[in-house]
Amino acid sequence: IAGFKAENFRTFEKHIAEIEWELYLKRDSIIQCQVSTSLSRLYHTDALARRADLAIMEHLGRYPVSRKVPLDNLALWPGDLASPAGDLASPPGDSGYMPVDSAPQTVMIRGDNDRFQISIDSSGNLLHKRGIKTVSGRAPLRETLAFGLLAALGYSGNTTLVDGMCGSGSFPLEAAMISCNIPPGYFRTFAFEGWPCFSPPAWNHMKKNICPELLPPLQRGEIKTIFASDIDADMVNALGKTLHDHNLSPPVQVMQQDFFGMEPVKISREPGIVVLNPPYGRRMGEPRAVTSLFKDIGKKLKSDFKGWKAGVIIPDKILAGHLPGSVKLIPLRHGGLDVHGAIFVIP
């Protein structure tokens with residue numbers, strides 16, 4: 001939204017104050033300034049964030065200039081007075097300026113060789129978040145990774161899909177949205193929805209025009225093509241509620257069942273797609289336990305899922321040797337770990 005050169009704090013504050021913040025921020029917006037600098041005279045990121053925050057609030061008329069907190073006294077404000085939730089504190093003696101139900105607006109300040117670029121995050125939560133899950137299991141698979149593996153498997157919503165270790169349901173939720181022609185951001189909110197220029201009616205109208213095929217699939221009846229199971233009753237119940245709350249239940253059947261007890265012949269007469277995100281790392285403890293688990297998975301797939309296409313998340317590509325068929329490995333980054341998506345047809 002702006003760019004300028006600044007070699008001292010006074011110039012920096014002047015340019016920040018001149019930006020028409022009222023176009024992007026409401027008077028009661030919760031403001032979070034993120035600053036990074038490189039090869040600049042102004043390199044103290046905390047000091048820049050404090051000055052920018054104060055200049056923005058003054059521009060928006062958050063409190064009278066006569067009550068301005070001197071910059072020399074900013075050592076403990078606002079960052080050190082932030083609440084545990086990350087909301088910036090109000091000036092001393094004030095309350096109610098920043099309602100807790102207001103989504104934070106992130107102002108990003110990037111300095112390089114004394115030139116600064118100012119931008120505002122229009123997304124808010126990370127874009128992989130769909131705005132659906134309310135409960136997550138241990139080390140849940142990121143939604144974009146689940147979508148990517150389904151895409152690599154050629155899943156389009158017309159094939160039977162089985163997830164025998166569904167956990168909080170990344171695979172079945174993504175599959176249900178694909179099956180129902182729902183775009184990934186349809187249920188979530190974005191930071192720009194808190195901007196003064198935002199129009200809810202226009203946004204809703206736009207979503208309806210972009211998703212003309214949305215309603216028919218949701219009304220096609222109880223035809224189950226997605227089967228999700230887990231041994232954890234709490235995860236199964238939470239996934240069932242999530243599907244129901246977002247009208248995604250029609251194509252999905254959720255069961256509390258051990259993967260090793262599943263009988264795919266009772267689910268589909270024709271081979272489909274089976275996906276698995278088995279536990280590994282801290283969830284399994286000893287590496288030998290992980291190896292043993294993947295050996296058992298390979299045996300189960302080979303004996304009961306002949307002809308099916310499979311996608312399995314593996315923490316070490318050596319484990320691909322325990323899976324049947326010719327395995328293609330896709331490198332992934334998940335939970336700070338380098339893992340692989342193993343794709344193969346079960347002979």
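User: Where should I look, and in what order do the strands of the open sheet run?
Analyst: This is a predicted model. It contains an open sheet of 4 strands in the order S1-S4-S3-S2, and the pairing is mixed.

User: Which strands are at the edges?
Analyst: The edge strands are S1, residues 2-5, and S2, residues 31-38; each of them pairs on one side only.

User: And what is the average twist from one strand to the next?
Analyst: The twist averages 15° from each strand to the next.

User: Let us stay with S1. In which sense do S1 and S4 pair, parallel or antiparallel?
Analyst: S1 pairs with S4, residues 115-120, in the antiparallel sense, over 4 bridges. For instance, glycine 3 has glutamine 117 in S4 as its bridge partner.

User: Which strands does helix H1 lie across?
Analyst: Helix H1, residues 9-18, lies across S1, S3 (residues 105-112) and S4. Its direction is at about 160° to S1.

User: What about helix H2?
Analyst: Helix H2 spans residues 45-59 and lies across S2, S3 and S4, running at about 140° to S2.

User: Stepping back, how many helices and strands does the protein chain have?
Analyst: The secondary structure of the protein chain comes to 8 helices and 11 strands.

User: How much of the chain is buried?
Analyst: Of the 347 residues in the protein chain, 44% are buried. The accessible surface comes to about 18,000 Å², and carbon and sulfur atoms account for 53% of that area.

User: And what share of the contacts joins residues 24 or more positions apart?
Analyst: Among contacts in the protein chain with a separation of 6 or more, 73% are between residues 24 or more positions apart.

User: New topic: how many disulfides are there?
Analyst: The structure holds 0 disulfides. As background, a disulfide is a covalent bond that links the sulfur atoms of two cysteines.

User: Is cysteine 166 buried or exposed, and why?
Analyst: Cysteine 166 counts as buried because its relative accessibility is 6%, and the cut-off for buried is under 20%. Cysteine 180 is buried as well, with a relative accessible area of 0%.

User: Last point: what is the average pLDDT?
Analyst: The protein chain averages a pLDDT of 85, and 84% of the residues score at least 70.

User: Where does pLDDT stay under 50?
Analyst: It stays under 50 over residues 64-101. For that stretch, the model has 57 contacts beyond four places in sequence.

Terms used: Residues are numbered from 1 along each chain as its sequence is written. This is a predicted model: local features need pLDDT of at least 70, side-chain atom pairs count only at pLDDT 80 or more; totals for chains, interfaces and linings use all residues. Side-chain values use heavy atoms; hydrogens and water are left out. Two strands pair if DSSP finds at least two bridges between them. Helices (H or I, at least four residues) and strands (E, at least two) are DSSP runs, numbered from the N terminus. Axes are lines fitted to C-alpha atoms, for helices over the stretch in contact, and angles run from 0 to 180 degrees between N-to-C directions. Contact means heavy atoms within 4.5 Å. Buried means under 20% relative accessible area, exposed over 50%, partly exposed in between (1.4 Å probe, protein chains only). Accessible areas come from the Shrake-Rupley method with a 1.4 Å probe; for residues, only the protein chains shown count as cover. A disulfide is a pair of cysteine sulfur atoms within 2.5 Å. pLDDT is the predictor's confidence in each residue, from 0 to 100.
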